[in-house]
Amino acid sequence: MTEIDLERIHALAPVINALPGEPVPYYVASGEGERHEVGGQLVTVVARTQDTGGLFEAAFILGPAGAQGAGSALDAVQRSFFVVDGSVQATIAGRTRILVQGDSFHVAPGETLEYRLLSHMTRIFLFSAPGGALADLLGGGSRTEKHLFTMDSLSAADLQFPPGVEAAGSLELPQGSGGYFLSAGGGEHRAWPDALNSYLARPSNTGGRYFAVNTLAAVQPYIIRHFHRLHTENFVCLSGRVWLWVNGQEVLLTAGDFLHAPAGTIHSFAIGAHNTQMLGLLTGGVFEKFFDVTSEPTSAPVYSEGLVDPSTVIAGIQANPDLDLQVVGPPPERTLAPGL
């Protein structure tokens, strides 16, 4: 083992949002790193052998239901996979299991691996020691500057569940107010610029009491400051970071945090991490029209970066003065960088 220059390491400030190419302290915010698209999945490398003194490699694997991967039998490499979000079917040396958030699977040297993602936005963290696993994983892939996978390489057949595996629920939003099950990635999808709003429940499903929208979004600055006269909004951060500006005060929401904004609250929000997911629960049905007129319908369960023109949102607002949206000023003055 190479002797460590402790005095040098003590004096180094961490490198921010870049892979340093040498074993020095560094920080990589969620979604940053060296990104590759492989088999319909986005692999974000956060540690290479040259960054760790040859000790290990690490990467996040993010993909939709149906995406598959296989790993060769690597004779001198131990691999561990941790399910951060979603669910995956993994086969190690002929043994198959279904794993969900919080589960992990571990591949010993010389063992083969096959896996299939079972829900949209499944995310797995790979840690391997020493090197070799990344080269095996990234074979046939290509570098990308995007922070989300595309659906182009997956067919309808790829999105079907494998034999013996049953979906938790439907992907379609039903009509009427009866009970229903909805799988991850399901609902009625509406595209915003670098964001996707998915109705998980419309007012017609809840007897007009409320509706629910899941927002999946890239890093983006604050929207206009506004308030609502006729409805209450509730924000739940499912993953990533959501900045909320509430009556002049900034609040940061991370996974599991909740904010209640009753009618009359002046507010704005910004997305502070790539692929953030936020659940919005809005009372009544008065604001349903806002999401319909400011977005474009899509069948994709994820957004496409740069696909929707931002003017779509503004045009929808200007053409519909009856929305329960009272604009009080421009966005709060703050420039958000990844990881802030």
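Let's start at a loop. Pro130 sits between strand E12, residues 122-129, and helix H2, residues 133-138. Keep in mind that this is a predicted model. What is the peptide bond from Ala129 to Pro130, cis or trans? It is cis, with omega near -10°. Most peptide bonds are trans.

Stay in that region for a moment. Ser128 belongs to strand E12. Ser128 is buried, with a relative accessible area of 1%. What does Ser128 touch, beyond its neighbours within four places in sequence? The contacts are Leu55, Phe56, Glu57, Val77, Gln78, Arg79 and Ala133.

Next, two backbone angles. Most residues other than glycine have a negative phi. Asp194 has a positive phi, near 55°, and is not a glycine. Asp194 lies in the loop between E14 and E15. Its relative accessibility is 28%, so Asp194 counts as partly exposed. Asn275 also is not a glycine, and its phi is positive at about 60°. Look for Asn275 in the loop between strand E22, residues 267-271, and strand E23, residues 276-283. Asn275 has 13% relative accessibility, so this residue counts as buried.

Now the aromatics. How many aromatic pairs does a search of the whole structure find? The search finds 12. Take Trp192 and Phe291. Their ring centres are 6.0 Å apart and their planes are at 25°, so this pair is stacked. Under 30 degrees is what counts as stacked. Trp192 lies in strand E14, residues 188-192, and Phe291 in helix H3, residues 288-293, so the pair ties together parts 99 residues apart in sequence. Both Trp192 and Phe291 are buried.

Tyr199 and Phe211 make another aromatic pair, and this one is tilted. Here the distance is 6.1 Å centre to centre, with 50° between the planes. Tyr199 is in strand E15, residues 195-201, and Phe211 is in strand E16, residues 210-217. The pair links distant parts of the chain, 12 residues apart. Tyr199 is buried, and Phe211 is buried too.

Which residues form one aromatic cluster? Trp192, Tyr199, Phe211, Phe287, Phe290 and Phe291 do.

Two arginines lie over rings. Arg202 is over the face of Tyr199, at 3.8 Å from the ring centre. Arg225 is over the face of Trp245, at 5.5 Å from the ring centre.

On to helix H4, residues 311-318. Thr312, Val313 and Gly316 are buried there. Why do they lie on the same side of H4? They cover an arc of only 100° around the axis, which puts them on one side. As background, an α-helix has 3.6 residues a turn, so residues three or four places apart point the same way. What do the buried residues of H4 pack against? They pack against E14, H3 and strand E24, residues 296-298.

Last topic: charges. Side chains of opposite charge can pair when their charged atoms come close. The structure holds 13 salt bridges. In one of them, the side chains of Arg48 and Glu34 meet at 3.4 Å, N to O. Arg48 lies in the loop between strand E4, residues 41-47, and strand E5, residues 57-63; Glu34 lies in strand E3, residues 34-38, so the pair ties together parts 14 residues apart in sequence. Arg48 and Glu34 are both buried.

Glu34 has another partner. Arg143 forms a salt bridge with Glu34, with the closest N and O atoms 3.8 Å apart. Arg143 is in strand E13, residues 142-143, and Glu34 is in strand E3, so this pair ties together parts 109 residues apart in sequence. Are these two residues buried or exposed? Arg143 is exposed, with a relative accessible area of 52%. Glu34 is buried, at 16%. Glu34, Arg48, Asp51 and Arg143 are linked in a network of salt bridges.

One more salt bridge. Lys289 pairs with Asp322, the closest N and O atoms being 2.9 Å apart. Lys289 lies in helix H3 and Asp322 in the loop between H4 and strand E25, residues 326-329, so the pair ties together parts 33 residues apart in sequence. Lys289 is partly exposed, with a relative accessible area of 35%. Asp322 is exposed, at 55%.

Note on methods:
Residues are numbered from 1 along each chain as its sequence is written. This is a predicted model: local features need pLDDT of at least 70, side-chain atom pairs count only at pLDDT 80 or more; totals for chains, interfaces and linings use all residues. Side-chain values use heavy atoms; hydrogens and water are left out. Rings of Phe, Tyr and Trp (its six-membered ring) pair if their centres lie within 6.5 Å; planes under 30 degrees apart count as stacked, over 60 as edge-to-face and the rest as tilted. Helices (H or I, at least four residues) and strands (E, at least two) are DSSP runs, numbered from the N terminus. Buried means under 20% relative accessible area, exposed over 50%, partly exposed in between (1.4 Å probe, protein chains only). A charge sits over a ring if NZ of Lys or CZ of Arg is within 6 Å of the ring centre and within 35 degrees of the ring normal. Contact means heavy atoms within 4.5 Å. The arc is that of the directions from the helix axis to the C-beta atoms. A salt bridge is a side-chain nitrogen of Lys or Arg within 4 Å of a carboxyl oxygen of Asp or Glu.
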